[in-house]
Amino acid sequence: MKKIAILASGSGTNAENIVRLFHEGNKIRVVHVLANRQKAGVHDRMQKLGVPTEYIPNSVWENEAYKVVDILQSKEVDLVVLAGFMRKIDSEIINAYKGRIINIHPSLLPAHGGKGMWGHHVHEAVIADGDKQSGVTVHYVTDEIDGGEIIMQQAIDLEEGETAESLEAKIHPVEYDLYPRAIVAALKRLDTSTSNPTSIVDLEEESAFGSYAMPVEEIKPEKSAGQTPEEEWAKELNMKYEPQNEPISAQVQTINTQQTATPPPVTAQPQRVETSHEPMPSTNLVWAVIMTLCCNTIAGIIAIIFSAQVSSKYHAGDIEGAKRASRMSEVWIIVSFVVGMLANTLQFPLLLSKELLLNAF
């Protein structure tokens, strides 16, 4: 069985489309979904489909990418699929899964790609440039944003009076159709000899699909009478098809049961990475309140604010943020104490000087 992991940040419509297609059989399966947003809609969508999700804070993606690699390797992932993932992939992950990470882009790359080109920004750029065609590109992920080798493209024509909104509505169905086919092409390429890497997909330009487009039919399996979609994919991957008639959730449960005797790891709440098991840094809230009441009110209130952030950041999975908030609360507690002590120390000399001046005159 070929195992796929999906990286997502948003509602997860593309991820759901991929899961629903490949979970009809047992040769290609989405085994795990990683999201960098704790409240992303993809968690709910995957929960309903019986696919485990995991929340990975942005701090981990930026500073501890090796933990993401460890997760993917522990799931024995063959291919990593980006579906609305709004972060640049760290080089450590790209190197560990070189040639095994793919992304989808809503334009005919290399046009309208690169930094800042995502979602409606792409469609607005297409309209502004007066392009007659746009489309969808699936490509390999490299250190260069949207610069990896193109796997497949499909073009659509723009109509008179086209808007960014109407273009986006046209693009989505193309994405749903093209991405699964490109996933099959990428998986098939992994199974072939590296001596002839271009035999999987015809990389020559096809005029019928635009100057950079490659037709979907290049990898579409020949369909015989009575074939299901999963039988087509199995044939294309040179696998023996073994149908499963259970519903999606039942299939996932069976797979997870083989791995462990405990119930499958599908929970109502997204999981956190190991960093969330670190003890929560001290909030210093008691000292902040004491300093507010006894020393300096303004500095004490600032200390209380940072103290409150420790707990919220920790439970959101931002361990580094929680540590910084804890340190800042300590700093402002000290400031409150010092200012308060100085004020009390200087109070008596000032009053005495005032009294002397009044008596002098």
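This report describes nonpolar cores and helix packing in a predicted model.

Residue numbers start from 1 along each chain as its sequence is written. Local features in this predicted model need pLDDT of at least 70, side-chain atom pairs count only at pLDDT 80 or more, and totals for chains, interfaces and linings use all residues, while side-chain values rest on heavy atoms, without hydrogens or water.

A nonpolar core is a set of buried Ala, Val, Leu, Ile, Met, Phe, Trp, Tyr and Cys residues joined through side-chain atoms within 4.5 Å; buried means under 20% relative accessible area (1.4 Å probe, protein chains only). Two such cores are tabulated here.

| Core | Size | Residues include |
|---|---|---|
| Largest nonpolar core | 42 residues | Ile-6, Val-81, Ile-102, Ile-151, Ile-183 |
| Another core, apart from it | 22 residues | Val-31, Ile-56, Val-60, Ile-94 |

The residues listed for the largest core are those with the most contacts inside it. Helix 7 gives the most to this core, with 11 residues; helices are DSSP runs (H or I, at least four residues) numbered from the N terminus. Beyond its neighbours within four places in sequence, Ile-102 is in contact (heavy atoms within 4.5 Å) with residues including Val-81, Ile-151, Tyr-179 and Ile-183.

Helix 7 (residues 164-190) also packs against helix 6 (residues 120-128), at an angle of about 120° and with axes 9 Å apart. Axes are lines fitted to C-alpha atoms over the stretch in contact, and angles run from 0 to 180 degrees between N-to-C directions. Here His-123, Glu-124, Val-126 and Ile-127 of helix 6 meet Ala-164, Leu-167, Glu-168 and Ile-171 of helix 7.

In helix 2 (residues 42-49), the buried residues include Val-42, His-43, Met-46 and Leu-49. Gly-50, with a positive phi near 80°, follows helix 2.

Technical notes:
Helix = DSSP H or I, 4+ residues; strand = E, 2+ residues; numbered from the N terminus. Buried < 20%, exposed > 50% of the residue type's maximum accessible area, 1.4 Å probe, protein only.
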